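Please look over the sequence and the three-dimensional structure shown here. The paragraphs that follow lead through them step by step.

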Amino acid sequence: MRRNNIDITFIVIIVVLAMSSLRSGGFSNPQEWIMDKLLILPGIIIGLSLHEFGHAVVAYKLGDNTPKLQGRVTINPMAHIDWMGLAALFFCGFGWGQPVQINPYNFKHRRRDELFVALAGVVMNLLLAALFTVVAKVYITAVGVAWISGNTIGMGIWQILIYIIQINFVLMIFNLIPCPPLDGFNIIANVFGFADTQTYWNIYRYGSWILVLIIIFGVTGLVITPCIQFLMNIVWGILL
């Protein structure tokens with residue numbers, strides 16, 4: 001998800017969903033809830049940071065020096081993390097990094113290159129999920145299922161790897177939803193050629209409200225959950 005600012009709408013929805021998350025598990029067993037969140041944290045940082053790095057490096061390679069000048073062509077998480085977006089993903093299951101700013105007039109083929117930049121983040125998340133599936137396969141093959149299941153450290157490493165895979169899938173699917181300010185909207189806009197029109201900005205103006213509504217009413221869950229289940233079933237078929 002790529003946002004230009006944090007508005008009160010998103011702060012409210014984050015607080016509501018965070019309280020819901022705490023009521024569903026955090027208050028009943030806070031120690032287990034905290035430990036689970038700590039295991040999730042590496043996946044969140046890797047997924048968000050490299051998602052934004054994907055946007056930055058592709059824009060730079062296609063001729064726009066803006067991300068380079070702003071220090072975004074790096075895998076350093078501190079260059080990409082938006083702390084509100086990090087908290088949102090940590091507590092609520094959706095989030096965002098600092099948006100990568102681009103100047104599309106620097107591109108030689110503007111429509112094509114903007115499409116590539118929009119795709120770069122979700123492609124990066126897909127590649128990360130694939131990479132860590134390989135890492136998890138090597139890990140479980142090297143140490144064995146019995147050692148992982150009977151060893152606290154071994155199980156912790158395994159859970160971190162699985163969370164990294166799962167969170168990258170979540171970021172990929174969530175960002176493909178064709179609603180501004182998500183990447184999916186920019187992908188659709190460039191595919192159908194209305195990215196530089198008044199129609200684009202008319203829709204974009206109300207995008208945050210639309211996104212909040214579909215999150216509140218569970219529409220995102222109806223899209224994301226079956227997709228994640230399908231992808232994770234493929235991963236489990238590879239790993240076990």
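**A guided reading of the model**

The structure holds zero disulfides, a disulfide being a pair of cysteine sulfur atoms within 2.5 Å. In general, a disulfide is a covalent bond between the sulfur atoms of two cysteines. Cys 179 is buried, at a relative accessible area of 7%, whereas Cys 227 is partly exposed, at 28%.

This is a predicted model, in which local features need pLDDT of at least 70 and side-chain atom pairs count only at pLDDT 80 or more, while totals for chains, interfaces and linings use all residues. Residues are numbered from 1 along each chain as its sequence is written, and side-chain values use heavy atoms, with hydrogens and water left out.

The chain contains 11 helices and zero strands; helices (H or I, at least four residues) and strands (E, at least two) are DSSP runs, numbered from the N terminus. Along the sequence the pattern reads α-α-α-α-α-α-α-α-α-α-α. Of the 240 residues in the chain, 48% are buried. Contact means heavy atoms within 4.5 Å. Among contacts between residues at least 6 apart in sequence, 73% join residues at least 24 apart.

How do the helices pack? Two packed helices are described by the angle between their axes and the distance between the axes. Here axes are lines fitted to C-alpha atoms, for helices over the stretch in contact, and angles run from 0 to 180 degrees between N-to-C directions. Helix H5 (residues 110-143) packs with helix H7 (residues 152-176) at an angle of about 160°, and their axes are 8 Å apart. H5 is therefore roughly antiparallel to H7, given that angles under 35 degrees count as roughly parallel, over 145 as roughly antiparallel, 65 to 115 as roughly perpendicular and the rest as oblique. The crossing of H5 and H7 is left-handed; a crossing is left-handed if the near helix is turned anticlockwise from the far one by less than a right angle, and right-handed if clockwise. The residues making this contact include Leu 126, Phe 132 and Tyr 139 of H5, together with Trp 158, Phe 169 and Met 172 of H7. The contact residues of H5 and H7 comprise 18 nonpolar, five polar and no charged. In this division Ala, Val, Leu, Ile, Met, Phe, Trp, Tyr, Cys and Pro count as nonpolar, Asp, Glu, Lys and Arg as charged, and the others, Gly among them, as polar.

H5 also packs with helix H2 (residues 30-61), at an angle of about 135° and with axes 8 Å apart. H2 and H5 are therefore oblique to each other, and their crossing is right-handed. Among the residues that meet are Leu 50, His 51 and Phe 53 in H2 and Phe 116, Met 124 and Phe 132 in H5. The contact of H2 with H5 involves 13 nonpolar, six polar and no charged residues.

Two loops deserve attention. Pro 181 is found in the loop between H7 and helix H8 (183-191), and a cis peptide bond with omega of about 10° joins Pro 180 and Pro 181. Ile 81 lies in the loop between helix H3 (66-69) and helix H4 (83-92), and Ile 81 is buried at 5% relative accessibility. Apart from its neighbours within four places in sequence, Ile 81 is in contact with Ile 45, Leu 48, Ser 49, Leu 86 and Gln 98.

Key:
Buried < 20%, exposed > 50% of the residue type's maximum accessible area, 1.4 Å probe, protein only.
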